[in-house]
Structures are given as structure tokens and as C-alpha cells.
Amino acid sequence: MKIDNFMKRNVILPIKNKRINTLSIVVLFVLCIMHASFGTAQAAPIPPGTTGVKWNPGHYYTIQNWANDDPIYMAKVYKELKATPALRGMQMRFLWGWLEKSPGVYDFSIIDKHLSKLTAMNKRLVIQVQTKSFEADWKLIPDYLKAAKYEGGAFPFRDWGSKTIDGYNIKLWNTNVRDRLIALHKALGKRYNSHPNIEGIGMIETAMGQAVKPLTTAQTDKWFDNLIIVQQKMRTFFPNTMTIQEINYPREYLKQITTAMVKMGGALGCPDVYPDEPGLNFTGSPKGAYHHFSQLSGVVPIAPTVEKVNYLNTRGDKKGHVPTIQELLVFARDDLKANYIFWQRIPKYVNQVLEVMSFKNQRTTPSGGLKAACPSAYPSCIKN
């Protein structure tokens, strides 16, 4: 029954019949509340055949994967999002091993839970599939990938100068590993591409880590070739959603990656905002990641992330200085020419970030002062 017809029959009565059934009033009230709630929490999905890409640039939180199921932490996150118009949503990180339980058997319940909450607030979610771990005990990959056909699925690496295993990265040079990663993104695309509050999906940094057993040139070349193939498939699975590749190192492969991302209409991210980092700012040959950001501004989306280490120093080797939040914002906005900035929510720095988000420059436009023009690589932009 349409709400307007219901009202005509039960509320707009002849004067001679002023007695209104109490139950009708209650039902009408409930229906109106349901109608209002539906309009707020459940925006219409993107229609099939739409060629545009969802485009809501601005400032977003980044949530570390350990916090995804922390109710106290996440309650604070949602409270801050609700109170801060300049924060348009959040990026959440999910290990591959969490999302795929066995070949082709996926568990997206954690994504659904947070997406539902964000949708009710008219905020947006960016998904990052993590295929690199930064602790040796993280469940990076599904157990089945440890089989021989996948070469064990992942390789251990050390940070430069370290003598211990600092994490694992996937053996993406293996075609079978690549195809299983493609299958995961296909399932994600089928479920989430048309959802208006899924703003983007991304892949973690290109830095591979120093493999404990050195990789051959052929393995490394194939790793990056397959990374591009995965991104190309992601564009087909997410035709209406921003697909992001974080780039940082090795510099020798960045031109190949960025050229491919432009051709397919992908977005460029970066795991760090380091104003004084020599390698990222390198202007020689091959050029550092930040050069590609500034050169490709307006062509593809630019979406760097401010990580915990970026709050501590302007350089990774700590030879710079402790930056202000405003300094990080200005560098990402003006030098990197960001459309999106993902701010890692660190309790020690959250009040400083929220203070900057309250400044006029971040409040007067939906993009929070960041570049908002639709990228030329997109056929069109869908703003909602």
C-alpha cells in the first residue's frame, strides 16, 4: 500500500467523521518511520549497464585490521564519523586468509556488518585486500594455498637490515596463486560493485620486502606482470567502483604499473605520506612514487594514506622532523594532489586529526578541500 493512499483513507476524513482509529494512527506512524529509515539507510544500487564510477573524494579514516572486531575501538570510530562531516567514511583492511576459508568459500560477514552501519550513516567503505603481512604470525593466506601447486603460497621477508622474519608476501609470480586472487576479487565484485556505499577496493603496497631467499629476476618480473593482470580483472569486476593500487617501491617497476593503471582507469594509492622521504620524492631515474602522483593528477584518482609512522617523522629513517597534521594534509593535498586521503586512526593522534577536520577548509566542500574534479580516465562520475 502506498503511504499517500493510506493517508487519504485514514487521515483526511470528512468533517462529520472525526473519529480516527487509534490503531490506524499507530500503523501509519510505523510505516512512515520505516519509509524514512529505508530512504536513509538503503540507497538504490547502481543499475546494471551503468558506465560511471562512484566518486566521493575527501577524507576517510583507515582502520588497522586488528581493530575490525574491537567493539570499544569501533564504537569510538562510528561516534567520530557521525560527529565529523569532513570524514566521508573509512578504509578497512582484510587479510586474504580471513576472507576465503577454502577454495571458493568466502566469508564477507565482517564487511557486511560494517557496510550496514556506514550506510545507515550515509558514510562509505573502502576495502583493502591485504596480501602482505607485517607480522610473521598473521593469517595472510588461506590454508589451501600452502599446497605444492601454489609453491606454499607466500614467502617470508625481512625489512632492510633486519635479521628476523618481519612478515610474508604472496608468491604472485605463481599463476595458480594469481588466479585464486582473481577469483576472490570476482566474488567481491559480484557482491559489492553495485552498492552505492562501497567507494573503492584496493591492493596493498608494491614493496615486496627483502625475501629471505632472494627472488630471481624472472620471479620478480612475473610478480609485477601478474599484479597488473589482477588489477585489470578488478576493473572488470568493479566497473562502477574505484580500484586502487598502492605504489611505493621498487622504483624500477613503477612506470610499468602506473602506465597500466592509467590505461585501465585504476587509482593510485601510497601507504605513506612522507614529505621528506628521499626514495619516494626521488627525481632521478627511475623516478619515485610521488612523481607519478603529481604527473597523473586529474587523469586517475590519487589516494595516499597517512600511516602511524607518518605522524612520527617526515622520513622513514627518522632523520626528518615530527610533522603537524596540517603539514601532512598540505603535502598530500598540494604536492601529491590527492583526491582522497586515508588517515590511520591512531588513538594518540586522533584528536589532532579531528581538530584539523573541523577547520573551515575541510568543512566547506564535500571533498574537504581536496581535488574533486572527475578524473579523465573515468567515462563519468557518480556522486551521491
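The largest cavity in this predicted model has a volume of about 50 Å³, where a cavity is a set of points, on a 1 Å grid over the protein atoms alone, at which a 1.4 Å probe fits but cannot get out, and a volume is the space filled by probe spheres set on the points, with grid points joined across faces, edges and corners. Because the model is predicted, local features need pLDDT of at least 70 and side-chain atom pairs count only at pLDDT 80 or more, while totals for chains, interfaces and linings use all residues. Residues are numbered from 1 along each chain as its sequence is written, and side-chain values use heavy atoms, with hydrogens and water left out.

**Overall architecture**

- The protein chain holds 14 helices and 15 strands, these being DSSP runs numbered from the N terminus (H or I over at least four residues for helices, E over at least two for strands).
- Of the 384 residues in the protein chain, 51% are buried, a class that means under 20% relative accessible area, with exposed over 50% and partly exposed in between (1.4 Å probe, protein chains only).
- Among contacts between residues at least 6 apart in sequence, 76% join residues at least 24 apart, contact meaning heavy atoms within 4.5 Å.

**Cavities**

- Two cavities of 30 Å³ or more are found when the whole structure is searched.
- The largest cavity is lined by T131, N169, L172, M203, I204, E205, T206, W223, L227 and Q245, lining residues being those with an atom within 4 Å of a point.
- By class, that lining comprises five nonpolar, four polar and one charged residues, where Ala, Val, Leu, Ile, Met, Phe, Trp, Tyr, Cys and Pro count as nonpolar, Asp, Glu, Lys and Arg as charged, and the others, Gly among them, as polar.

**Pockets**

- The largest pocket contains about 1400 Å³ of space, a pocket being an open set of points with protein on both sides within 12 Å along at least five of seven lines.
- Its lining is made up of 44 residues, of which K132, F134, D159, E205 and A207 lie nearest the centre of the pocket.
- The elements that give two or more residues to this lining are β6 (124-130), β7 (154-158), β10 (210-211) and α11 (308-312), and α11 gives the most, with three residues.
- In the lining of the largest pocket, 21 residues are nonpolar, ten are polar and 13 are charged.
- The second largest pocket holds about 160 Å³ and is lined by residues including F155, W173, A211 and Q219, with seven nonpolar, two polar and three charged residues in its lining.

- All five residues of strand β14 (residues 340-344) are buried, so the strand is largely enclosed by the rest of the structure.
- Y340, F342 and Q344 point one way from β14, whereas I341 and W343 point the other way.
- Strand β2 (residues 58-63) runs parallel to β14 and is joined to it by five bridges, two strands being taken as paired if DSSP finds at least two bridges between them.
- Strand β13 (residues 302-306) also runs parallel to β14, with two bridges between them.

- R345 lies in the loop between β14 and α13 (350-357), and its relative accessibility of 5% makes it count as buried.
- The side chain of R345 makes a polar contact with the side chain of E80 at 2.8 Å (a pair of N or O atoms within 3.5 Å, of which, within protein, one must be able to donate a hydrogen and the other to accept it, residues adjacent in sequence counting only if both atoms are side-chain atoms).
- Leaving aside neighbours within four places in sequence, R345 is in contact with residues including Y61, Y73, K76 and V350.

**A three-stranded open sheet**

- Three strands form an open sheet in the order β8-β7-β10, with antiparallel pairing.
- β8 (167-170) and β10 stand at the edges with a single partner strand each, so one side of each is left without a neighbour in the sheet.
- Two bridges join β7 and β10 in the antiparallel sense, and F157 stands opposite A211 in β10.
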